[in-house]
Structures are given as C-alpha cells and as structure tokens.
Amino acid sequence: MLTALTDRLSMSKRTRSSLGRRLRWTGVLCLALLTGGCASYHALPLAKSADLAPNLAALDLALPTGKIAPARPLTIDQIGLLAVLNDPALAAERGRLDVAKAALLQASVLPNPQLGFGFGALISGPATLSSYTASLSEDVSAILTYQPHVAAARAHVGSVNADLLWQEWQVAEQARLLALNLHDLAAGIAILQRQQHLLAREVAAVRAATAAGSLDLRAEAPLLSAKANAEQALAARELTALRAWHRLDALLGLVPSARFAIARPVLAPPPADLAPLIASLPKRRPDLIALRLGYKGADKTLRAAILAQFPALVLGGSGGRDTSNVVTAGPQITLALPFFDRNQGRIAAARATRRLLRAQYRDRLDAAAGAAESLAADEGRLAADLTAARQAKTQANALFRAARAAYGAGNLDQRTFADYETAALSRALNVIDLEQSLGRDRLTLAVALGLGLPKTRLVAGHKDKRP
C-alpha cells in the first residue's frame with residue numbers, strides 16, 4: 001500500500017511538472033503573439049555635414065521622359081523638373097505626406113476592447129471560495145464616428161498631396177524663371193561688354209586727338225560719362241547674374257559655384273481664349289484642389305463632432321463568482337450623462353474651420369482668375385512693345401551697316417560711326433530686356449492657368465537620397 005501511495009505521489013509530481021511546462025510555454029506563446037506586431041525603435045542620426053552636389057552629374061537626373069545628359073545645354077523645362085527632383089527644401093516638405101498618412105492610419109483603427117479582471121483571495125470568514133470578476137466592453141461612440149473620421153483623414157491626405165504638387169509647380173516655376181533670366185542676362189552682358197569695349201576705344205581715339213591738338217579737352221567728358229554708365233550697368237548685370245546662379249544652384253541642391261549651359265528658351269504664346277481655362281481652374285490648379293479637399297475634410301470633421309455630441313456609450317458584458325460559489329453574468333452599459341459637455345466646443349471649432357476654409361477657397365479662386373487675366377493683359381502689351389522694339393532694332397542695325405560702309409569709304413568720322421554702333425547695341429539690349437519680361441509673364445501665366453507642368457507629383461514614391 002505504501003508503494004502504491006508513493007507511485008501516485010510520483011505520478012502527481014510528474015503531472016504537475018508537465019502542466020507547469022505547458023503553462024510556461026503557453027505564456028511564452030501569448031507574449032510572443034502580443035509583442036509580434038509591436039514596433040521597434042531604430043536610431044536615425046542627423047546629418048553631420050552639408051550634402052550639396054558638386055555638379056549636375058551628381059544630381060538625380062531621371063525624368064519621366066528619360067535621363068538628362070548633363071554635358072548638353074539644358075532647356076528651361078528640364079531645369080524646372082530637375083529642381084523638383086533635387087530641391088532640398090522641397091524634399092523636407094515631403095515628410096508632411098507621411099505625417100498625414102500616419103494620421104489616416106490612426107483614424108482607421110478602432111479602439112481596443114477593454115478587458116477587466118478582478119480576484120479576491122479568501123482570507124477569513126464563513127465563506128469557502130475566493131471570488132473573481134471579469135468584464136469585456138467596447139466604446140460604441142468610436143464606432144458611430146468611425147466613418148467620418150476616416151473620411152476626414154483621407155481628405156487630408158489628398159489635400160497634402162495636392163499642396164505638395166503645387167509646391168513642386170512653384171519650385172519648377174522659380175527654376176525656369178531663373179534659367180530664363182540667366183540666359184537673357186548673359187546676352188545682355190555680352191552686349192554691354194561690347195559697348196564698353198567700343199567706348200574705351202572711342203575714349204582712346206579722342207585722347208589721341210586731344211594730345212595731337214586736333215580736339216578740345218571738353219570732347220572727352222561725355223565719352224567718359226557714357227563709359228562710366230556702361231561700366232555701372234555691366235557690373236549691375238553681372239551681380240544680378242551671380243545672385244541668380246546662387247539661387248538656381250540652391251534650388252537644384254548644387255554648390256554655389258556650379259555652372260552649366262542653358263539652351264535658348266523657346267516659349268509658346270498663351271492660348272487665344274482664356275475663358276474656358278479660367279473656368280476649369282478649380283479642377284486643374286493643385287492649390288485649389290488642395291483647398292477643396294481640405295474643406296471636404298473639415299466638413300467630415302464637423303459631421304463626426306455632431307455625431308459625438310450624443311452621450312458616450314460603452315457596451316459589454318461582465319460576470320463573476322462570489323465567495324459562496326454564486327456565479328453571475330450579464331450585460332454592462334456605461335452611459336455618459338450630457339449635463340455639461342455636449343461636444344459643443346468641438347462642434348463650434350469644426351464649424352469655424354469649415355467657414356474659414358470656404359472663405360480661403362473663395363479668395364484663392366478669385367485671385368487665381370484675376371492673376372490670369374492680368375498676366376494675359378500684360379503679355380499682350382509686352383508682345384506689342386517687343387514687336388516695336390524689334391523693328392527699331394532692325395532700323396538701328398540698318399543704319400549701323402550704312403554708317404560702317406560710309407566710315408570705310410572715309411565719308412564718316414569715327415565718333416559718329418561709334419554713335420551709330422552704340423545706338424544699335426542699345427536697341428538690341430532693349431529687345432533682350434523685353435524678351436525677358438515677356439518670357440517671365442508667359443511662364444507665370446502658364447503656371448497660373450495650370451499648363452505645361454506635370455499633373456501628378458513627379459516624386460511620388462521617390463526616395464530621397466539625403467539622410
């Protein structure tokens with residue numbers, strides 16, 4: 001009998017040991033399941049130095065139409081697209097879309113059910129058992145407002161994406177305008193250098209004639225004044241070109257000393273009929289689309305706030321056993337009594353935000369239409385002025401050619417011949433300035449009308465190379 005009792009005790013120990021191992025493995029498995037979907041931390045150190053590219057070849061040159069050859073002159077459109085791909089400030093702004101997507105993910109997740117458990121150990125008294133209670137509940141209010149919250153977050157993602165597209169358009173426009181200005185500044189600088197060389201040659205000839213006694217000393221004064229003005233104009237244009245290069249290099253993510261060739265700009269005239277384009281601006285301009293989506297998100301947020309004014313309701317079930325072995329179970333309802341807070345503060349804020357966005361959209365739409373019409377009027381005036389300036393340039397060149405022939409035949413003195421050449425150079429410089437103004441207005445008008453730029457983000461899904 002003693003042997004049988006010993007065997008039973010040994011078997012009981014083995015059973016408890018096996019049960020303990022099973023419980024431990026079950027606990028480990030539950031812990032692994034609970035922590036398997038958890039995020040982990042990874043350090044993301046800051047950059048220790050600047051990451052400006054030394055030349056075009058070091059940039060991201062992959063455009064949708066193909067990779068750009070950095071050794072060839074770039075068109076202003078190519079320069080604008082390269083700025084979209086490589087502008088450091090624009091790359092920093094793209095993080096806003098990740099934040100908006102994270103907010104959408106958060107809005108798309110329902111709150112977790114609440115599990116409650118309580119245990120009361122029997123210490124003393126007539127009872128025979130320890131007690132326990134358990135409950136499981138879920139916030140019903142979060143389910144009622146789930147759809148409008150998700151719709152508002154989704155509209156916010158679309159609004160941020162459209163706003164980023166508009167920023168890409170703005171960066172491309174800045175780069176194209178700078179490239180246009182640099183090309184025209186280079187042409188103007190070449191003319192001013194030629195004019196300065198001409199005036200220096202004329203001053204030298206007058207000084208020689210004065211030294212020989214054939215001219216009075218006063219003849220040199222107007223030439224010196226004209227030479228000083230030409231030198232000042234040349235220095236001003238060279239400084240303007242230097243600053244334009246610095247701004248363009250910054251947009252492209254290049255070092256300030258980087259230089260490259262810019263092809264001659266070719267700009268198409270604007271459409272003859274602007275009315276249909278202005279009428280369709282809300283469907284094409286990314287900034288207007290962003291405001292419309294922002295307004296939609298604000299409207300959905302207002303709906304969610306109105307739904308949330310009803311009393312917060314939590315439904316669930318609970319059960320338990322008391323110390324006398326009585327087991328109970330039943331539903332559990334928690335209802336907030338709306339004596340003080342009926343969500344009126346959030347409703348008022350949501351309504352005010354919707355009104356604000358509506359007014360902002362109205363203002364932006366009016367400004368866009370007015371800017372397009374104003375630019376079109378300016379473009380028409382500049383085109384007429386440019387036509388007249390080109391005619392004047394043609395006449396000045398014809399007079400210069402006739403004066404050169406007369407000077408070669410000895411029928412014209414050098415001073416008069418130089419005046420004809422200076423007039424021809426001034427006319428050419430005036431044409432360049434008008435071409436620059438007309439090109440600037442045409443580029444700005446194209447952006448105002450939503451023409452000539454990608455309709456979707458050029459870097460959607462593009463991973464930035466910088467840390």
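## Ground rules

Since the model is predicted, local features need pLDDT of at least 70 and side-chain atom pairs count only at pLDDT 80 or more, while totals for chains, interfaces and linings use all residues. Residues are numbered from 1 along each chain as its sequence is written, and side-chain values use heavy atoms, with hydrogens and water left out.

## The overall picture

The protein comes to 12 helices and 6 strands. Both kinds of element are DSSP runs numbered from the N terminus: helices are H or I with at least four residues, strands are E with at least two.

Of its 467 residues, 33% count as buried. Here, buried means under 20% relative accessible area, exposed means over 50%, and partly exposed is in between (1.4 Å probe, protein chains only). As for contacts (heavy atoms within 4.5 Å), take those with a separation of 6 or more: 77% of them join residues 24 or more positions apart.

Helix H11 covers residues 344–408, which is 65 residues. From first C-alpha to last, H11 reaches 92 Å, close to the 96 Å expected at 1.5 Å a residue. That expected span is 1.5 Å times one less than the number of residues. Just after H11 comes Gly410, with a positive phi of about 80 degrees.

## One cavity and its lining

Rolling a probe the size of a water molecule over the atoms shows where empty space is left. On a 1 Å grid over the protein atoms alone, a cavity is a set of points where a 1.4 Å probe fits but cannot get out, and lining residues have an atom within 4 Å of a point. Grid points are joined across faces, edges and corners, and the volume is the space filled by probe spheres set on the points. The count comes to 1 cavity of 30 Å³ or more, and the largest cavity has a volume of about 40 Å³.

Its lining is made of Leu81, Val84, Leu165, Glu168, Trp169, Ala172, Leu453, Pro454, Thr456 and Leu458. Two elements give two or more residues to it, helix H2 (76–86) and helix H6 (146–211), and H6 gives the most, with 4 residues. By class, the lining has 8 nonpolar, 1 polar and 1 charged residues. For that tally, Ala, Val, Leu, Ile, Met, Phe, Trp, Tyr, Cys and Pro count as nonpolar, Asp, Glu, Lys and Arg as charged, and the others, Gly among them, as polar. H2 itself is mostly covered, with 9 of its 11 residues buried; among them are Leu81 and Val84.

## Aromatic pairs

Rings of Phe, Tyr and Trp (its six-membered ring) pair if their centres lie within 6.5 Å; planes under 30 degrees apart count as stacked, over 60 as edge-to-face and the rest as tilted. By this rule there are 2 aromatic pairs. The rings of Trp166 and Trp169 have centres 6.1 Å apart and planes at 50 degrees, so this pair is tilted. Trp166 and Trp169 sit 3 residues apart in helix H6, about one helical turn. Trp166 counts as buried at 14% relative accessibility, and Trp169 counts as buried at 2%.

In the other pair, Trp245 and Phe260 have ring centres 5.1 Å apart and planes at 90 degrees, so the pair is edge-to-face. This one links distant parts of the chain: Trp245 is in helix H7 (residues 220–252), while Phe260 is in the loop between H7 and helix H8 (275–279), 15 residues apart. Trp245 is buried at 13% relative accessibility, and Phe260 is buried at 11%.

## Asparagines with positive phi

Most residues other than glycine have a negative phi. Asn343, though not a glycine, has a positive phi of about 65 degrees. Asn343 lies in the loop between strand S6 (327–335) and H11 and is buried, with a relative accessible area of 8%. Leaving out residues up to four places away in sequence, Asn343 touches Ala305, Ala308 and Gln309. Asn343 and Pro311 are 32 residues apart in sequence and 9.5 Å apart in space, C-alpha to C-alpha.

Asn325 also has a positive phi, near 70 degrees. Asn325 is in the loop between strand S5 (313–321) and S6, and counts as partly exposed at 46% relative accessibility.

How values were computed:
On a 1 Å grid over the protein atoms alone, a cavity is a set of points where a 1.4 Å probe fits but cannot get out, and a pocket is an open set with protein on both sides within 12 Å along at least five of seven lines; lining residues have an atom within 4 Å of a point.
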